[in-house]
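Here's a chain to look over. Have the sequence and the 3D view open side by side as you read.

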Amino acid sequence: MLILGIDPGSRITGYGVINSMGSKNEYVASGCIRIKGEALPERLQQVFEGVTEVINRYCPQEMAIEQVFMARNADSALKLGQARGVAIVAGTNHDLPVHEYAARKVKQAVVGKGSADKTQVQHMVAHILKLPGLPQVDAADALAIALCHSYTRASLVQMAGARSTRNGRWR
């Protein structure tokens with residue numbers, strides 16, 4: 001299953017595509033959609049078109065995106081929310097199921113620590129996906145979001161197949 005991870009932004013939107021095969025994940029592609037211009041509607045259109053282009057190129061089956069968190073600057077959080085919204089619409093226009101994950105959950109899933117910094121996420125993404133070097137920060141975050149979805153999906157499938165518990169554990 002191809003999973004598209006999106007790290008939304010009104011200036012740079014990161015994307016990462018992985019092939020999830022049960023508990024194994026394989027790197028497919030990643031990069032950044034660099035947004036130009038000052039007018040917000042124009043920038044949002046570029047996010048929409050960029051995500052649409054990535055979807056058309058790689059044909060993922062599911063999409064995962066980071067949830068909005070409230071930053072110190074409310075204006076920045078609103079712009080991020082709008083960029084996130086147009087990315088979600090690009091996914092739903094292609095009938096992709098869209099899954100949302102909090103930044104702390106993504107870091108916990110990939111690094112093992114919800115308060116991990118961006119460098120730790122970069123290193124772990126490169127290690128997990130056996131990349132020859134470190135991906136750009138926004139692309140690494142997008143790959144981490146895709147990995148988090150893959151891990152969550154695999155856990156749910158495993159739990160659904162469990163028949164009973166023993167000592168509080170599914171078996």
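## Overall layout

First, a caveat: this is a predicted model. The chain has five helices and seven strands. Reading from the N terminus, the order is β-β-β-α-β-α-β-α-α-α-β-β.

Of the 171 residues in the chain, 42% are buried. If you take contacts between residues at least 6 apart in sequence, 57% of them join residues at least 24 apart.

## The nonpolar cores

The largest nonpolar core has 19 residues, and Leu4, Ile6, Val51, Met63 and Ala87 are the ones with the most contacts inside it. At least two residues each come from strand 1 (2-7), strand 2 (12-21), helix 1 (40-58), strand 4 (62-66) and helix 2. Helix 1 is the top contributor, with five residues. Apart from this core there is another one, of 17 residues, with Val125, Leu143, Ala146 and Cys148 among them.

Leaving out residues up to four places away in sequence, Ile6 touches Thr13, Gly14 and Tyr15, then Val51, then the run Met63, Ala64, Ile65 and Glu66, and finally Ala87, Ala142 and Ile145. Of these partners, Val51, Met63 and Ala87 are also listed with Ile6 among the residues with the most contacts in the core.

## Helix 1

How well does the span of helix 1 agree with 1.5 Å a residue? Its 19 residues should span 27 Å, and the end C-alpha atoms are 27 Å apart, so the two agree. The buried residues here are Arg43, Leu44, Val47, Gly50, Val51, Thr52, Val54 and Ile55. They pack against strand 1, strand 2, strand 3 (24-34) and helix 2.

Gly50 sits in helix 1. Is glycine 50 buried or exposed? Its relative accessibility is 12%, so it counts as buried, the cut-off being under 20%. The C-alpha atom of Gly50 is separated by 9.1 Å from that of Ala90, though the two are 40 residues apart along the chain.

## Helix 2

Helix 2 has 20 residues and reaches 28 Å from first C-alpha to last, close to the 28 Å expected. Its buried residues are Ala77, Leu80, Ala83, Arg84, Val86, Ala87, Ala90 and Gly91. Strand 1, helix 1, strand 4 and strand 5 are included in what covers them.

## Two positive phi values

Which residue just after helix 1 takes a positive phi? That's Cys59, with a phi of about 50°. Cys59 belongs to the loop between helix 1 and strand 4, and the positive value is in a residue other than glycine.

Asp95 is another non-glycine residue with a positive phi, near 60°. You'll find Asp95 in the loop between helix 2 and strand 5 (98-101). Asp95 has a relative accessible area of 69%; exposed means over 50%, so this residue is exposed.

## Ile12 in strand 2

Ile12 lies in strand 2. With 27% relative accessibility, Ile12 counts as partly exposed, because the value falls between the 20% and 50% cut-offs. Setting aside residues up to four places away in sequence, Ile12 touches Asp7, then Cys32, Ile33, Arg34 and Ile35, plus Asp138.

Arg43 is one of the buried residues of helix 1.

## The largest pocket

The largest pocket has a volume of about 360 Å³. The elements giving two or more residues to its lining are helix 2 (74-93), helix 3 (103-111), helix 4 (118-128) and helix 5 (137-161). Helix 5 gives the most, with four residues.

In total, 19 residues line the pocket, and Asp7, Glu66, Phe69, Lys118 and Asp141 lie nearest its centre. By type, the lining splits into 11 nonpolar, two polar and six charged residues.

Note on methods:
Residues numbered from 1 in each chain as written. Predicted model: local features only at pLDDT ≥ 70, side-chain atom pairs only at ≥ 80, totals over all residues. Heavy atoms only, no water. 1 Å grid on protein atoms, 1.4 Å probe; cavity = no way out; pocket = protein on both sides within 12 Å on 5 of 7 lines; lining within 4 Å. Points joined across faces, edges and corners; volume = space filled by probe spheres on them. Nonpolar A, V, L, I, M, F, W, Y, C, P; charged D, E, K, R; others polar. Core = buried A, V, L, I, M, F, W, Y, C linked by side-chain atoms within 4.5 Å. Buried < 20%, exposed > 50% of the residue type's maximum accessible area, 1.4 Å probe, protein only. Contact = heavy atoms within 4.5 Å. Expected span 1.5 Å × (residues − 1).
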